[in-house]
Amino acid sequence: MKYCKKCGMLLEDNMEICIGCGSDVTKKDTYTRYPEQMQEKIELEKKEAGKRNLAVLAIVLIFVVMLLLIGIFVAQTYINESGKSLFPKITADKSGDKNKENGDANENKPEKNREIKDELGAYYKIKTIEDEEGHKIMTAVFPEDLSNLDHSINLERESQIYPAIFSFVATNEDNTTQLTFTSPQHYQYIIMTEGEIGPVDIQEKLDGRISFYDFSTVEDYLMEIIKQAYPSAKKIEEMDSIDPSAEVSKKLDDIIKSYEDGADKELAGLFGLPETTKFTHNNTYKSDKILNYRILTKEDHAVSCKFYVPVFCERYDYKDDESGLAGQLSDTYILSVTSFEAGSDELYDWYENAFELFVDNIKLTDEFFALNSGRLNKEFEDFLNSAPAVGKSFKNGEHVINSGEKVEQVFIAPEKELIFATPDADEYPGDDYIQLEVQ
């Protein structure tokens, strides 16, 4: 027997898909041999052991650093007394050649040396994700230590139960912190109040694309997702919400307007209704906020989450006099699901800024939209590549990184696929990095 790591469902050893949440449970890191309570106890014991080892290592490092500093001070004092410097001054010539020692000071323009210092900042990976065919799908920015990556793409999937065609997950080794992105999802729900054609007949016509789930609000949708991911939750509390940037909100309004302008021509075919069907628009539901949740499990284990789920839902009454069909329908587009989950307050505080960089720098490629030709229009592409939580934008040539207000400097090392972001205006990660300027 084995247990799904995502939802805790008990499974047979030969099962490849979790019956609780639909996750692939063929890889070793997707399941465990222990129940959730026992697994948490094992992981807690590992963490406590790691903390003790870190404490011993820290004491040793402090001792070594003290000896090193004493040695440098003694050496510098001796050399200064002899009229020489331990660290010769460096200047850069105007042509951009390599730095030289101070002997050519009259011919070269002096440049201020920067001390390498990166105590407060954080390192992030910037990575382009490809599918099995080598198609470049997405560029993501995530903390360097969230190195357990998983992604899947299925361009043939039509099911509205699990309609995502692309998902990306980044986690740490202990699976206590996770960043997730899921591409657009489309839910169609229809009710027949008059007529002989039933929902089953319609579903057969549309090859299974009709959903039996009627979308109401993003909060209800998230509640179902959280319950599925955390079946042992005894309390799920919505904490607060954050409005996106005005630019992002306007782009969502543009998508909704574009949809409504052409809806009457598309709805009949989309829902398998006669072309003579008349539609009356009831209302439009829209949400583009970032929502914060706190989950308490039965074992009093707290999980903090952030979700960004931009969505709009159009509701219509329909009636066709020729066939006698009538009823209501809703057409829902969940433009993405981006989330951050942390298994403790300490981890939540540590990685909170990482969510902003993650959600603000997701870029779906032109190749992704080409593979989805006919599903997503230009307005979708503009919206999905925008930054909902952006406070600042940093740029150098083709490199652009969006960040929160607290970030003062951003550097990038493209060959290393690394980004260094810091709230300190004096920090500097080294000459291998290119500094991006605030726009």
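**A guided conversation**

Guide: Let us begin with Phe368, which counts as buried because its relative accessibility is 0%. Please note that this is a predicted model.

Visitor: And Phe166, buried or exposed?
Guide: Phe166 is buried, because its relative accessibility comes to 1%.

Visitor: How many aromatic pairs are there in the whole structure?
Guide: A search of the whole structure gives 20 aromatic pairs. One of them is formed by Phe166 and Phe368, in an edge-to-face arrangement with 6.4 Å centre to centre and 65 degrees between the planes. This pair links distant parts of the chain, since Phe166 lies in strand S10 and Phe368 in helix H6 (residues 366-371), 202 residues apart.

Visitor: Why is the pair of Tyr187 and Tyr221 called edge-to-face?
Guide: The ring centres of Tyr187 and Tyr221 are 6.2 Å apart and the planes stand at 70 degrees, so the pair is edge-to-face. Here too distant parts of the chain are linked: Tyr187 belongs to strand S12 (residues 185-194) and Tyr221 to helix H3 (residues 218-229), 34 residues apart. Both Tyr187 and Tyr221 are buried.

Visitor: Which residues form the aromatic cluster?
Guide: Tyr123, Phe411, Phe420, Tyr428 and Tyr433 form one aromatic cluster.

Visitor: Turning to the sheet of seven strands, in what order do they come?
Guide: The order is S9-S10-S11-S19-S16-S15-S13, in an open sheet with antiparallel pairing. Strand S9 (148-153) and strand S13 (233-242) are the edge strands, each pairing on one side only. On average, neighbouring strands of this sheet are turned by 15 degrees against each other, direction ignored.

Visitor: What packs on that sheet?
Guide: Helix H5 (residues 345-360) does, and it touches strand S10 (166-171), strand S11 (177-182), S15, S16 and S19. The direction of H5 makes about 160 degrees with that of S19.

Visitor: How many bridges join S15 and S16?
Guide: Strand S15 (residues 290-297) and strand S16 (residues 302-308) are paired over seven bridges, in the antiparallel sense. Ile290 stands opposite Tyr308 in S16.

Visitor: Where is Glu341 found?
Guide: Glu341 lies in strand S19 (residues 337-342). Its relative accessible area is 14%, under the 20% limit, so Glu341 is buried.

Visitor: Which side chain makes a polar contact with that of Glu341?
Guide: The side chain of Tyr230 does, through a polar contact of 2.5 Å. Leaving aside residues up to four places away in sequence, Glu341 touches Thr176, Thr177, Gln178, Thr180, Tyr230, Ser304 and Cys305.

Visitor: A change of topic: where is the kink in H4 centred?
Guide: The kink in helix H4 (residues 246-271) is centred on Ala263 and amounts to about 70 degrees. Ala263 is among the buried residues of H4, which also include Leu252, Tyr259 and Phe271. Just after H4, Gly272 has a positive phi of about 70 degrees.

Visitor: Lastly, why is S22 described as largely enclosed?
Guide: In strand S22 (residues 399-403), four of the five residues are buried, so the strand is largely enclosed by the rest of the structure. Strand S21 (residues 392-396) pairs with S22 in the antiparallel sense over five bridges, and Asn396 stands opposite His399 in S22. The hairpin of S21 and S22 has two residues between the strands, and Gly397 in this hairpin takes a positive phi near 65 degrees.

Conventions
Residues are numbered from 1 along each chain as its sequence is written. This is a predicted model: local features need pLDDT of at least 70, side-chain atom pairs count only at pLDDT 80 or more; totals for chains, interfaces and linings use all residues. Side-chain values use heavy atoms; hydrogens and water are left out. Buried means under 20% relative accessible area, exposed over 50%, partly exposed in between (1.4 Å probe, protein chains only). A polar contact is a pair of N or O atoms within 3.5 Å; within protein, one must be able to donate a hydrogen and the other to accept it, and residues adjacent in sequence count only if both atoms are side-chain atoms. Contact means heavy atoms within 4.5 Å. Two strands pair if DSSP finds at least two bridges between them. Axes are lines fitted to C-alpha atoms, for helices over the stretch in contact, and angles run from 0 to 180 degrees between N-to-C directions. The bend at a residue is the angle between axes fitted to the seven residues ending there and the seven starting there. Rings of Phe, Tyr and Trp (its six-membered ring) pair if their centres lie within 6.5 Å; planes under 30 degrees apart count as stacked, over 60 as edge-to-face and the rest as tilted.
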